[in-house]
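The stops below are given as selections.

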Amino acid sequence: MLSLLPLRLPFSAAATHPNSTFLLQRAVRLPILPISPRASMSATAATPDSSASAAAAAVGGEVGKEAEDVVVQYVVLRRDLADAWPLGSVVAQGCHAAVAAVWAHRDHPDTAAYCGPDNLDRMHKVTLEVKGETQLKNLAEKLETAGVRHKVWIEQPENIPTCIATAPCPKSQVSSFFKKLKLCK
């Protein structure tokens, strides 16, 4: 079993923080448990014995089915903006759209499951790209026609459509709209 190294400070902790002696007395060694690299991405990772059950399910072929039904949020950014704007600005556009889509559909059961306390550390988000504004608008039309819950983020005051974020929904219901798009790099 591995444990964390003891806390050693190069200065007197008591001199810098009045409660430090109390805090340092409470410091304990915590075990580091080995997990598989994909365990945190699986819905079965919630229990300590789940790695064995996940391996057993993989043999039976049920993991692929589970991965298809995972609740996911898609974020689609414009590549032309990513090439012209600072990276932070483009990331902010995606964040705006993702939060707006979640908030607009906060009462939907899929959104509640996605944001639930048992799923906070296992959210699935896929970030993709389109070439420009025309492709973004075409995708928005397809999503609207199909009744897929989403948000088109329009940067103000410039009135520039910058990205789309879907509301959280089962991957099996929406993945077909995004199959031809590239991962955002």
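Which residues are buried in α8? Select residues 133-146 of this predicted model. Helix α8 has 14 residues and spans 20 Å from first C-alpha to last, close to the 20 Å expected at 1.5 Å a residue. Show the side chains of Leu 136, Leu 139, Ala 140 and Leu 143: these are buried. They lie on the same side of α8 because they cover an arc of only 100 degrees around the axis. In an α-helix there are 3.6 residues a turn, so residues three or four places apart point the same way.

After the helix comes Gly 147, with a positive phi near 80 degrees.

Now select Gln 73, in strand β3. Gln 73 counts as buried because its relative accessibility is 1%. A polar atom of its side chain lies 3.1 Å from the backbone oxygen of Ala 98. Leaving aside neighbours within four places in sequence, the contacts of Gln 73 include Tyr 114, His 124, Val 126 and Pro 168.

Finally, colour by pLDDT. The chain has a mean of 77, and 63% of its residues reach 70 or more. Residues 1-17 fall below 50, with 17 contacts in the model beyond near neighbours in sequence. Residues 35-62 are also below 50, with 18 such contacts. Where pLDDT is low, the predicted coordinates should not be read in detail.

Note on methods. Residues are numbered from 1 along each chain as its sequence is written. Side-chain values use heavy atoms; hydrogens and water are left out. Helices (H or I, at least four residues) and strands (E, at least two) are DSSP runs, numbered from the N terminus. The expected span of a helix is 1.5 Å times one less than its number of residues. Buried means under 20% relative accessible area, exposed over 50%, partly exposed in between (1.4 Å probe, protein chains only). The arc is that of the directions from the helix axis to the C-beta atoms. pLDDT is the predictor's confidence in each residue, from 0 to 100. Contact means heavy atoms within 4.5 Å. A polar contact is a pair of N or O atoms within 3.5 Å; within protein, one must be able to donate a hydrogen and the other to accept it, and residues adjacent in sequence count only if both atoms are side-chain atoms.
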